[in-house]
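Trainee: Please take me through this structure step by step.

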Amino acid sequence: YSMSEYITVFDIEILNNDPTSICSIGIVVLKDKRVVDTYYSLVKPHNLTFDKYRYGVHHIRPKSLQKERSFKEVWEEIHHFFEDMIVVSHDVQNDMAHIRACLKQAHIPYPTLRMSCTNVIAHILSPELEKYNIADLSEFYNVPLNDAHNALSDAKACAFILVKMLNNNHYDTLLSFHEQMHLELGVMKPGYYKNIISPDHALLALHPLVHPLSNMSIVFTGKLHNERAELEKMTHQAHAFVA
């Protein structure tokens, strides 16, 4: 007998360059890889500055947010989706940085949760791909993406991509994937935050013992016998980084 695995998959849109300017949030709750709940809300940030680039992404106008609720009010409605859950987004490091900024601004303590990231998982399970954004992964995994850059639509696509990746690779649960890959989940709790590994470093999670230089930063100085580009290539092949 095993307990059901609940996962909260979320996506946010940002109004401008202010880290606290979350202007919409979409949430999909999975129970044993099936959607059991969804949620969507616009959010009124403190900073209602117009940003042409971000408007081009999500088409949300500052004036259309005037009568919406603040993050603090929306959080009261959604915190249970985060508390004691495994929380996933497609760029969880960046998305949680915005959530943390909003929590801090509203003087709300961090919830207790664990984090995973579909971008990281895709890098590990499909290392041959060139692009890892939601649109490209939706196409690769044959997942419908109805309205790109709508937070709920993106959260749904992210959830379906996650399920496809786990199923295609015969993982019963997200936790079993993390255990078998020896990949630590990110952790958040009151007064503490630890990110999951970044997508760029994700393949190192697969090959931590491949080379004695794995995961190390290497500096090249002085006169070099080989071309720098060649040395950098050899460094990457050893799963190390050029500092």
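Mentor: One definition comes before the rest: helices (H or I, at least four residues) and strands (E, at least two) are runs assigned by DSSP, and they are numbered from the N terminus. Please also keep in mind that this is a predicted model.

Trainee: Understood. How many helices and strands does the protein chain have?

Mentor: There are nine helices and nine strands in the protein chain. Its radius of gyration is 20 Å, close to the 18 Å given by the globule rule for 243 residues, so the chain is as compact as a globular protein of that length.

Trainee: What does the C-alpha trace span along its principal axes?

Mentor: The C-alpha trace spans about 65 × 50 × 40 Å. Of the 243 residues, 45% are buried. The chain exposes about 13,400 Å², and carbon and sulfur atoms supply 51% of that area.

Trainee: Now the sheet. What is the order of its strands?

Mentor: The sheet is open and has seven strands in the order β3-β2-β1-β4-β5-β6-β7, with mixed pairing. At the edges lie β3 (34–42) and β7 (192–194), each of which pairs on one side only. From one strand to the next, the twist averages 25°.

Trainee: Why is β5 described as largely enclosed?

Mentor: Four of its five residues are buried, so β5 is largely enclosed by the rest of the structure. For that step, buried means under 20% relative accessible area.

Trainee: What about β6: which residues are on its covered face?

Mentor: G186 and M188 form the covered face of β6, while V187 and K189 form the uncovered one. In a regular strand, side chains alternate between the two faces of the sheet.

Trainee: How many residues lie between β6 and β7 in the hairpin?

Mentor: Two residues lie between them, and G191 in that turn has a positive phi of about 80°. β6 and β7 run antiparallel and are joined by three bridges; V187 stands opposite K194 in β7.

Trainee: Let us change topic. Which strands does helix α2 lie across?

Mentor: Helix α2 (residues 71–82) lies across β1 (6–14), β2 (22–31), β3, β4 (86–89) and β5, and runs at about 15° to β2. Helix α3 (residues 92–105) also packs on the sheet, touching β1, β2, β4, β5, β6 and β7, and its direction makes about 75° with that of β1.

Trainee: Which residues of α3 are buried?

Mentor: The buried residues of α3 are V92, D95, M96, H98, I99, A101, C102 and L103. An α-helix has 3.6 residues a turn, so residues three or four places apart point the same way.

Trainee: What should the 14 residues of α3 span?

Mentor: At 1.5 Å a residue, α3 should span 20 Å, and its end C-alpha atoms are 19 Å apart, which agrees.

Trainee: Finally, which residue with a positive phi follows α3?

Mentor: H107 follows α3, and its phi is positive, near 55°.

Methods. Residues are numbered from 1 along each chain as its sequence is written. This is a predicted model: local features need pLDDT of at least 70, side-chain atom pairs count only at pLDDT 80 or more; totals for chains, interfaces and linings use all residues. Side-chain values use heavy atoms; hydrogens and water are left out. Two strands pair if DSSP finds at least two bridges between them. Axes are lines fitted to C-alpha atoms, for helices over the stretch in contact, and angles run from 0 to 180 degrees between N-to-C directions. Contact means heavy atoms within 4.5 Å. The radius of gyration is taken over C-alpha atoms; the globule rule is 2.2 Å times the number of residues to the power 0.38. Buried means under 20% relative accessible area, exposed over 50%, partly exposed in between (1.4 Å probe, protein chains only). Accessible areas come from the Shrake-Rupley method with a 1.4 Å probe; for residues, only the protein chains shown count as cover. The expected span of a helix is 1.5 Å times one less than its number of residues.
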